[in-house]
Amino acid sequence: MKLRIAVLSIVAALLALPAAAADKVKIGFVTTLTTGAAVIGKDMQDAVNLAVEDIGGKMGGLDVEVIFGDDGFKPETGKQVTDKLVKSDDVDFVAGYIWSHVLLASQKSVLGAGKFLISSNAGPSQLAGKLCNKNFFSTSWQNDQTPMAMGEVLNQRGIKKLYVMSPNYAAGKNMVAGVERTFKGEIVGKDMTKWGKDAQLDFSAELAKAGASGADAIFVFYPGKAGGAFVKQYEQAGLTGKLPLYTVFTIDSIALPKLQKAKMKAVLGSLNTQFWGPDLDTPQNHQFVSGFKKKYGRYPSFYAAQSYDSVFLIKSAVEAVGGNLADMDGMRAAMEKADFPSVRGAFRYGKNHFPIQNFYLRQVVEDGDGNWTTSVVSTVLKDHQDSYVGECKI
Amino acid sequence: MSSSTPQYLARHWPAFAGVLVLLAAPLAITYWDQPFYLDVLMRLMILAIAASSLNLILGYGGMISLGHSVYIGIGAYAVGIPAYYDQYSGVLQLLLALGGAGIFALVTGLICLRTRGAYFIMITLAFAQMMYFTFVSIEEYGGDDGLVIYARSDFGGLFDVENSIRLYYLVAACLLLTLLLVHRIVNSHFGMVIRGAKSNEPRMRAVGFPTFRYRLACYVISGMLCGLAGWLMGNFTGFISPEMMDWTRSGELIAMVILGGSGTLLGPTIGAAVFIGMETVLAEVTVYWHLYLGLLLILVAKFGRGGLGGLWQRIRGVR
Amino acid sequence: MDSTLLVIQILNGLQLGVLLFLLAAGLTLVFGIMDFINLAHGSFYMVGAFFCATLTLWLDSFLLALLLTLPLTFVVGMVVELLVVRHLYQEDHLQQILATFGLILVADTLVHIIWGPEGLTFALPEILNGQVTVLPGILFPVYRILIISVGLLIAVGLYIVVTQTRVGMLIRAGASNRRMVEALGVDIRYLFTLVFGAGAVMAGLAGLMIAPITEASIGMGNEILIVAFVVIVIGGVGSIKGAFLGALLVGLIDTLGRSFLDDMLKLVLSNQAAETSAPAISAMLIYILMAAILYFRPQGLFPPKGR
């Protein structure tokens, strides 16, 4: 008898489970929390936690719950955790995604289930064009845009011959395509190196080739830890001054503290392009950067900035429908307006839901406290839209 | 050998209970609306097929292959590449998976089986790595980034696997068939030669068995079974990348086989279940779950001769 | 072809080769003498890098850190031998693979717990950071020259130890006939622990030397370990000479492939096809080499005699 009651109550408890969770906004956030790339994931996680704190843990009167998922730097694992977030945790929004190939592998699981997918970093050309979806939004950029800005900078600086290096994966190919799109000179050499969890980190052979290629400058895309390794070897190979370094997504606040610790002075003064910078003068950016520095004792990276924005984008959607999470159309319409305080200042969404925004030239400098950071020099592209929006048929 | 049915049932009740649980699982999962666990079980069973196929050469034949996950890749690309050209015919995809895996096993087996021991381990790895880098370099099929498969195999009106529960039963049927096949092979004349060649090949040859041909045939069958697992995997995940052929995946397959008990029929399935179980439960609790998995592997290697399956048999006093 | 570039790439290939040798030497000895497959050998490479990076940041001296790291990795190697590896010599290869696969997971996770996910990097002393003229008109990083020199010195030293000393004699005897050594009344267990520790030190040295170029990061040993296995299989398991020549061969082929293959392919293929296929084919080269060598010599190039 006792046993039967116990069994019945367990069954009752299990049956009651799905009904309990409805007065909360659940956000799944997929990023890399293991392997060497976890340093990026950590930065994003910190920014999301800060954002949730800054909004008092509430959106449109509902409590906010963020569930983090680790993609292990692998598309397949990323898809698995995405499936789990969608099917098991039944989240309302899935955000995050550092890596283009992880996002491409996972997007079907979210969009197929009719949920919102917010990319906080990856911006593969496919999702801007052919695969664009009404429920997909980006708080970052399309991959090609930042290198396109860099191509303009190279033209302005009179570079005629360029050497290009990038890892061999979706974003790497987009970065190279982007710089090729705007750069008017000749590309004298190109190396696509192995990427993934066992990425190639010793670039001696490639750097020797670059040095001997007769190029005026080298353009590089090496996100995360590979960036630090590249810059060190660039200096050791004696290319500083001989082959000026232009980068995208390589020298950021994740690489800089390590480079500073290692006294790699070659990096000071080097140029990169970005849609944002820690010193960008907007009210939301002041709040974000000073809050982040206060809480974590370091500069936020652009990954962190985009993740912070993701939370505010979601908040704008939930508030527009007064917390009625079933109103997908209302939330979508709200997000399409991009009516939230973004760290980059005001921007618009294109019809593929990628931002139409400015891109800035930034230089690596030492700040007042002696820390290395980047500082905005000038605006390269104004209100720039990606090149794939035409392929998007929404 | 000639035990009556009730005795047979009594002796093998865990296996029958396992089958029952697998068959009933979708009902419970649907009832509690937890479709994620259907995915977990499907992954488990697909890996169990792959591990069982490896067990055929590794456990029974003594051929330690560190390149077995290449067949999962071949099978999955046999779904992905036709799908890329809008060819969803299930028959075509299945034939490609089995044929591709079989041919790859035949060609590489002719070379690999000339070597022994560590050399065999490394040469199977070499061929798997070549395949891995080949797919990395084919930009058309996504290269490193892999391919998204938008629809599952199409069997006309016969059987619609777009429905996950039907796919689940297809996977379960494939697993049972694989286990049955392995059981039959191992206990046949053919299997006796394979097992004999593991412990003493010169003697088997002296007795007059062309062991090379037997071992090659076994190697090809194993590859094709794993190709079947790959075909299911491609359908199940809807995504395929060269990463699936990485050597660490082959290492995981080996670990599953040994963990569960190599050279036993159900060992690989037990190993796959422990792997997936730990991944599902521990990864929830801590990002450091690999530590516990690693410790378990070390302990099993040290104390659990015959793996968890062997341990279970010893506990029950069955040989 | 640009001869300056060729010289530089040969030096780069040599540098990769000696690093591979330092890893492969320990691997081939442990494999050859104790018949033990150690998948976790790459973990010592990682541990060496992390110890050295930590100590360099603490003590502000690369040299001091290096001198402390070597005995530390020796101790780590011996502890691992005593705790885990020793109990597996009698087991077959399968149990060894399982246990050392587990060791990799444990080592990687422990490093993650202790040092965090981001890895460590540190600066070289000024004198090592520059360039040196190796041939008229050809500059090469000083530090990479140093790596090559250290690697070659160790290779020579190891050769002398193995061929000229009593320990070396036992090692050689162990590689070709273990029972014989035991029959001679040598306590083979001390020899095993010693050799295992020495292998760990060499792997650690390789790791700490590469760390200032790339960085100390989790899992850094796993990929290079597979290449080291390729090296010892090409050279013949148990042979130091084979490991040395195999390492240089693999280092040179890999580096030269990465730098010249696309230009060579452009002679026969379209530019586009050459650019996309070159990285994959150059990554495949060492495996093609290994498969070819094993096809003609199933025991590798220099199998130890008497096996």
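This is a predicted model: local features need pLDDT of at least 70, side-chain atom pairs count only at pLDDT 80 or more; totals for chains, interfaces and linings use all residues.

Residues are numbered from 1 along each chain as its sequence is written, while chains are lettered from A and ligands numbered from 1 in the order in which they are written.

## Chain A as a whole

The secondary structure of chain A comprises 13 helices and 14 strands; helices (H or I, at least four residues) and strands (E, at least two) are DSSP runs, numbered from the N terminus. Chain A has a radius of gyration of 22 Å, close to the 21 Å given by the globule rule for 394 residues, so it is as compact as a globular protein of that length. The radius is taken over C-alpha atoms, and the rule is 2.2 Å times the number of residues to the power 0.38. The C-alpha trace of chain A spans about 85 × 45 × 45 Å along its principal axes.

Of the 394 residues in chain A, 60% are buried. A residue is buried if 20 or more other C-beta atoms lie within 10 Å of its own, C-beta atoms being placed from the backbone. Among the contacts in chain A with a separation of 6 or more, 73% join residues 24 or more positions apart; two residues are in contact if their C-beta atoms, placed from the backbone, lie within 7 Å.

## Domains of chain A

Chain A is divided into domain 1 (2-141 + 281-353) and domain 2 (145-274 + 359-391), with bounds from an automatic or database domain assignment. The centres of the two domains, taken over C-alpha atoms, are 29 Å apart. Their contact takes 26 residues from domain 1 and 21 residues from domain 2 of chain A. On the domain 1 side, helix 2 (38-54), helix 4 (100-111) and helix 5 (125-128) of chain A are the elements that give two or more residues.

## Contacts between chains

The contact of chain A with chain B takes 22 residues from chain A and 17 residues from chain B. Helix 1 (2-20), helix 3 (75-88) and helix 4 of chain A each give two or more residues to the chain A side, and helix 3 of chain A provides the largest share, 7 residues.

The contact of chain B with chain C takes 35 residues from chain B and 39 residues from chain C. At least two residues of the chain B side come from each of helix 6 (117-137), helix 11 (247-260) and helix 13 (289-303) of chain B; the largest share, 12 residues, belongs to helix 6 of chain B.

Ala, Val, Leu, Ile, Met, Phe, Trp, Tyr, Cys and Pro count as nonpolar, Asp, Glu, Lys and Arg as charged, and the others, Gly among them, as polar.

| Side | Residues by class |
|---|---|
| Domain 1 of chain A, touching domain 2 of chain A | 12 nonpolar, 9 polar, 5 charged residues |
| Chain A, touching chain B | 9 nonpolar, 5 polar, 8 charged residues |
| Chain B, touching chain C | 24 nonpolar, 8 polar, 3 charged residues |

## Local features

Helix 8 (residues 204-212) of chain A is largely enclosed by the rest of the structure, because 8 of its 9 residues are buried. The buried residues include Glu206(A) and Lys209(A). Just after helix 8 of chain A, Gly214(A) takes a positive phi of about 80°.

In chain C, strand 1 (residues 131-135) and strand 2 (residues 138-141) run antiparallel and are joined by 4 bridges; strands pair if DSSP finds at least two bridges between them. Val132(C) stands opposite Phe140(C) in strand 2 of chain C. The hairpin of these strands has 2 residues between them, and Gly137(C) takes a positive phi near 85° there.

Notes
A residue is buried if 20 or more other C-beta atoms lie within 10 Å of its own, exposed if 12 or fewer, and partly exposed in between; C-beta atoms are placed from the backbone.
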